[in-house]
Amino acid sequence: MDSVSVPNKEEPLLNSEESPTIRSKKRRQQAWETSVDIYAAQCDKCQKWRVISTQEEFEEIRSKLSTDPFHCNRKPDTSCEDPADINFDATRTWVIDKPDLPKTPKGFKRTLVLRKDYSKMDVYYYTPLGKKMRTRNEVAAFLKDNPEYKDLSPDDFRFTTPKVVEETIPPNSFVAAKSSSSASSNRQKQKKLREADEKPTSSDSES
Ligand SMILES: [Zn+2]
């Protein structure tokens, strides 16, 4: 059942799993790293989970989750009557994202990578030219050096990491090892993540 520690309302989720079943169409730009494979959002009315097909769409939903809760009918041809796209259970590892994070600035790419020991996820941004940024300071330095992005501020980039839902971590993996040699250039096997977001309160977008 869903005794899992479901996010406090209004938190998006994402998760990783080992089964290729639902690996949605959204993997296009992140082939280089093991990260979120599937995004999902939870309907504020019926509590079912809906797969969100792209990161862009997911970020859009996430960016206003508190004020504009997600509902099934936001997906084409979908209503609360339809069975859930996926269930929040331990068949895959879920990661709970924070609501209301800013959308990734145009041209940039935000990537989440799950550590091998499942202890946490790391957030990276890639600039339009592919430079990887790991911290707010790096972002600030980049923006300073590249006046063409003067409209952006470090606040447009958030390194807030989603929380790995412990109950959904595969039993054979090790979470304790904090010291994860994260510099792992070796790609973790085949983990798929999915991100979903949870619905907060009621809403008014009656459709
Ligand atoms: Zn619904």
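Guide: Let's start with a pair of residues: Ile96 has Lys163, in β8, as its bridge partner. Please keep in mind that this is a predicted model.

Visitor: What makes β4 and β8 a pair?

Guide: Two strands pair if there are at least two bridges between them. β4 and β8 (residues 163-164) have two bridges, so they meet that cut-off. Their pairing is antiparallel.

Visitor: How do you know that β4 is mostly covered?

Guide: A residue is buried if 20 or more other C-beta atoms lie within 10 Å of its own. In β4 (residues 92-96), five of the five residues are buried. For the protein, buried residues make up 35% of the 207 residues.

Visitor: How many helices and strands are there, and in what order do they come?

Guide: The protein has two helices and nine strands. Starting at the N terminus, the elements run β-β-β-α-β-β-β-β-α-β-β.

Visitor: What makes β5 and β7 edge strands?

Guide: The open sheet has three strands in the order β5-β6-β7, paired in the antiparallel sense. β5 and β7 (132-133) each have a single partner strand, so one side of each is left without a neighbour in the sheet.

Visitor: How do you know that β5 and β6 are joined?

Guide: Six bridges join these two antiparallel strands. Pairing takes at least two bridges, so β5 and β6 count as a pair. One example is Val113, whose bridge partner in β6 is Asp122.

Visitor: Which residues have the most contacts inside the largest nonpolar core?

Guide: They are Tyr39, Ala40, Ile52 and Met121, in a core of 28 residues. β2 (36-42), β3 (49-52), α1 (55-63), β4, β5 (109-114) and β6 (121-126) each supply at least two residues of this core. β2 gives the most, with five residues. A second, separate core has five residues, including Tyr125, Met133, Val139 and Leu143.

Visitor: How far apart in sequence are the residues that come into contact?

Guide: Among contacts between residues at least 6 apart in sequence, 78% join residues at least 24 apart.

Visitor: What is the predictor's confidence in this model?

Guide: The mean pLDDT is 77, and 67% of the residues reach 70 or more. Over residues 15-33 the pLDDT is below 50, and beyond near neighbours in sequence this stretch has 48 contacts in the model. Over residues 176-207 the pLDDT is also below 50, and that stretch has 103 contacts beyond near neighbours in sequence.

Methods:
Residues are numbered from 1 along each chain as its sequence is written. This is a predicted model: local features need pLDDT of at least 70, side-chain atom pairs count only at pLDDT 80 or more; totals for chains, interfaces and linings use all residues. A residue is buried if 20 or more other C-beta atoms lie within 10 Å of its own, exposed if 12 or fewer, and partly exposed in between; C-beta atoms are placed from the backbone. Helices (H or I, at least four residues) and strands (E, at least two) are DSSP runs, numbered from the N terminus. Two residues are in contact if their C-beta atoms, placed from the backbone, lie within 7 Å. pLDDT is the predictor's confidence in each residue, from 0 to 100. A nonpolar core is a set of buried Ala, Val, Leu, Ile, Met, Phe, Trp, Tyr and Cys residues joined through C-beta atoms within 7 Å.
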